[in-house]
Amino acid sequence: MNTIINAGRHDIVVTNDFGSIINDMLHHKDAGNRSIFVIADEHTQLHCLPLLSGFLPATFHLIVIKPGEINKNLQTCQAVWEQLLEKGADRNALVINLGGGMVTDLGGFVAATYKRGIHFVNIPTSLLGMVDASCGGKTGVDLNHYKNMIGLFSFPEKVIVDPVFLKTLPDNEWKNGVAEIIKHGLIADTQILEVLKNEIKNNRSDNLTISLKEIIVDMIEKAIQVKAAIVEKDPFEKNERMFLNLGHTVGHALETLSLSQDEIALSHGEAIATGMICELHLSMKLSGFPHDDLSTISSIISDFFPLRKIRDAAFQELIHIIKADKKSSDGAINCVLLRKVGEPVIFKNISADLLLESFHFYNSVQK
Ligand SMILES: NC(=O)c1ccc[n+]([C@@H]2O[C@H](COP(=O)([O-])OP(=O)(O)OC[C@H]3O[C@@H](n4cnc5c(N)ncnc54)[C@H](O)[C@@H]3O)[C@@H](O)[C@H]2O)c1
């Protein structure tokens, strides 16, 4: 069964048979004779390309990049642009990005800028890539340690989401995706949160049970629908799309700091999970979010993610990074808060003191 989700400027096909979608796409009467370039990272080359390659013409070209956020930068783009040129990619070429959000963000950016833009298709292979990065046309790379500083909106020809690729995804990467599913639940779908709440309570070990994974897979479509409905209304993030930044004002700052300082950097999911707890605390202080919900949701998130405390010495640096973030304007701190689950609101000019209070609250709920 295929479900087609309209994300405004592009569709997302959720399927259990990605091969037939690829077949239809490549053999469509308007497809012409275009050369195919697959961009994968070293992990998705190993685990996901074998599933895909049989559906591609034998002449397809492969470009492999190093994995991880640390390689989501302009140097990697340059290497990919050079390979596209050397392998003869013309303006008709099609890029297939096969990987998590790092590959689809970078591959989309490379395709959107090569020869002023060639077509690309995304096949997300991580949970986060499926429920979040798949949707809405944001492409780009990091600049030094600043996340997603360089990039543009550019819409894929198609996005194909097939959970079959998740079979090889490590558990910690599943957790990164769950952070975004929780976020989608918090901003727009109380049902997602109810189901996850109960399941997570029963699954406190580091390894996820098969039954939890099945429940998570069942939620992929719903989680994409939440984001798709928002980006369809506001493709260029002027209004509602900002709601998707819940947890990300603090989360991105933590990620930036951790990438520059920590031997083992925080994952995106850990950073967003931490950010959500801080921002729910701000919501309790500023927008009437119920105290009981703050306690319940914070303890569920803290149980599910092995979260680290924020070092006191990092507090001021985090405030500095938050003020420099794309989401702030003229040094004023803006943030998405909740009035209650399912009711987000954008708050402007949040004081640094309140943010500091939220960091203390977050630390107080970590063991
Ligand atoms: N464009 C957007 O709207 C958007 C939204 C959210 C996040 N993002 C971006 O997405 C990135 C994070 O995405 P991510 O968590 O998918 O990161 P990622 O692409 O780095 O993938 C995480 C790890 O999982 C591996 N992996 C992926 N699929 C696998 C599979 N099927 N089997 C085995 N290993 C696999 C990758 O090689 C990598 O090591 C960040 O760069 C973030 O900025 C973009």
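Select His360 to begin the tour: at 46% relative accessibility, this residue counts as partly exposed, because that class covers values between 20% and 50%. The model on the screen is a predicted one. His360 belongs to helix H14, which runs over residues 352–364. His360 and Lys309 are 51 residues apart along the chain, and their C-alpha atoms are separated by 9.3 Å.

**The nonpolar cores**

Next, select Leu52, Leu127, Ile182, Leu186 and Phe359. These are the residues with the most contacts inside the largest nonpolar core, which has 99 residues. Colour helix H9, residues 210–233, as well: this helix gives the most to the core, namely ten residues.

Keep Leu186 selected and display its surroundings. Which residues does Leu186 touch, if those up to four places away in sequence are not counted? The partners are Leu193, Leu246, Met276, Leu280, Ile297, Leu338, Val341 and Gly342. Then move to Ile63, Val95, Phe109 and Phe120, which are included in a second, separate core of 20 residues.

**The ligand and its shell**

Select the ligand and the residues around it. The ligand is surrounded by 26 residues, and the closest are Asp41, Glu69, Lys72, Ser126 and Thr168. How many of the residues in this shell are nonpolar, polar and charged? The shell has seven nonpolar, ten polar and nine charged residues.

Several elements of the chain can now be coloured in turn. Helix H2 (42–47), helix H5 (101–113), helix H6 (127–133) and strand S8 (146–153) each supply at least two residues of the shell. H6 provides the largest share, with four residues.

Begin with Glu69: an N or O atom of its side chain is 2.6 Å from an oxygen atom of the ligand. Continue with Thr125, where an N or O atom of the side chain is 2.8 Å from a nitrogen atom of the ligand. Finish with Thr168, whose side chain has an N or O atom 2.7 Å from a nitrogen atom of the ligand. The ligand on its own has 860 Å² of accessible area, and the protein covers 92% of that area.

**Asp105 in helix H5**

Return to helix H5 and select Asp105, which lies in this helix. Is Asp105 buried or exposed? Asp105 is buried, because its relative accessible area is 13% and the limit for a buried residue is under 20%. Show the side chain of Lys72 too: the side chains of Asp105 and Lys72 are joined by a polar contact of 2.8 Å. Apart from its neighbours within four places in sequence, Asp105 is in contact with Lys72, Ala133, Lys138, Thr139, Gly140 and Asn148.

**Two loops with positive phi**

The last stops concern the backbone. Most residues other than glycine have a negative phi. Select Lys115, in the loop between H5 and strand S6 (119–124). Lys115 has a phi near 50 degrees, a positive value in a residue other than glycine. With a relative accessibility of 36%, Lys115 counts as partly exposed.

Then select Glu237, in the loop between H9 and helix H10 (248–261). Glu237 is not a glycine either, yet its phi is positive, at about 55 degrees.

Conventions: Residues numbered from 1 in each chain as written. Predicted model: local features only at pLDDT ≥ 70, side-chain atom pairs only at ≥ 80, totals over all residues. Heavy atoms only, no water. Core = buried A, V, L, I, M, F, W, Y, C linked by side-chain atoms within 4.5 Å. Buried < 20%, exposed > 50% of the residue type's maximum accessible area, 1.4 Å probe, protein only. Contact = heavy atoms within 4.5 Å. Near = heavy atom within 4 Å. Polar contact = N/O pair within 3.5 Å; in protein donor to acceptor, adjacent residues only side chain to side chain. Areas by Shrake-Rupley, 256 points an atom, 1.4 Å probe, with all protein chains shown as cover. Nonpolar A, V, L, I, M, F, W, Y, C, P; charged D, E, K, R; others polar.
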